[in-house]
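Please keep the sequence and the model in view while reading.

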Amino acid sequence: LATSSIMLENILKKRGIEPLSSRITILDRRLAYIIGRDFTKDGSFLWVDHDIFAPLRIKGLDENRVFEVRFSGYKSPGEGPVYPDSVEFLDNGKTVVELKTHVVNFSAYLPDSLFDIDGIRRSTREINKGDQPFKELR
């Protein structure tokens, strides 16, 4: 999650997306900004919904693989924040994981341990090189 425009710019650049180049396009029958450098090649891009300014898709290259994340079905409970009904993760055009929203409760209690960054770092350090902890999701 980017908390400033500079942080967002750095995140996009790490994924090969040039944040200073953009244009308007249509994606999935929605008016969207497409952010990226070379629109003629199959490069790294971010599509953002023009009306609600929420991500629709991010696509890029990671070594020799094409990754893509698609966000769809945005909803909002009254005056609350918008959220995607579906998030789909693709690897070389093949769906790896699709997450669907069934129930949203904005007043739900989330324990502080979920946001313990040091704990998350410690748990990921225990993964050995070559391990595939999410292999069963394929």
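In this predicted model, the side chains of Arg57 and Asp28 meet in a salt bridge with an N to O distance of 3.1 Å, a salt bridge being a side-chain nitrogen of Lys or Arg within 4 Å of a carboxyl oxygen of Asp or Glu. Arg57 belongs to strand β4, whereas Asp28 sits in the loop between β1 and β2 (30–35), so the pair ties together parts that are 29 residues apart in sequence. Arg57 counts as buried at 13% relative accessibility, while Asp28 counts as exposed at 55%; here buried means under 20% relative accessible area, exposed over 50%, and partly exposed in between, with a 1.4 Å probe and protein chains only. Asp28 and Arg57 are also linked with Glu68 and Arg70 in a network of salt bridges.

By the same rule the count comes to seven salt bridges, and the table lists some of them.

| Pair | Closest N and O atoms |
|---|---|
| Asp91 and Arg65 | 2.6 Å |
| Lys75 and Asp85 | 3.5 Å |

Asp91 and Arg65 form a salt bridge. The pair links distant parts of the chain, with Asp91 in strand β6 (residues 86–91) and Arg65 in strand β5, 26 residues apart. Asp91 is buried at 13% relative accessibility, and Arg65 is partly exposed at 40%. Lys75 is partly exposed, with a relative accessible area of 41%, but Asp85 is buried at 19%.

The strands come next. The protein has two helices and seven strands, where helices (H or I, at least four residues) and strands (E, at least two) are DSSP runs numbered from the N terminus. Its elements run α-β-β-β-β-β-β-β-α from the N terminus on. The seven strands make an open sheet in the order β1-β2-β3-β4-β5-β6-β7, with antiparallel pairing; two strands pair if DSSP finds at least two bridges between them. Because β1 (22–27) and β7 (94–100) stand at the edges with a single partner strand each, one side of each is left without a neighbour in the sheet.

Strand β3 (residues 45–49) pairs with strand β4 (residues 55–62) over four bridges in the antiparallel sense, and the bridge partners in β4 are Pro55 for Val48 and Lys59 for Phe45. The hairpin of β3 and β4 has five residues between the strands, and there Phe53 takes a positive phi near 50°. On its other pairing, β4 is joined by six bridges to the antiparallel strand β5 (residues 65–72), with Ile58 standing opposite Val69 in β5. The hairpin of β4 and β5 has two residues between the strands, and Glu63 in the turn has a positive phi of about 60°.

Of the 138 residues of the protein, 23% count as buried.

Residues are numbered from 1 along each chain as its sequence is written, and side-chain values use heavy atoms, with hydrogens and water left out. Since the model is predicted, local features need pLDDT of at least 70 and side-chain atom pairs count only at pLDDT 80 or more, whereas totals for chains, interfaces and linings use all residues.
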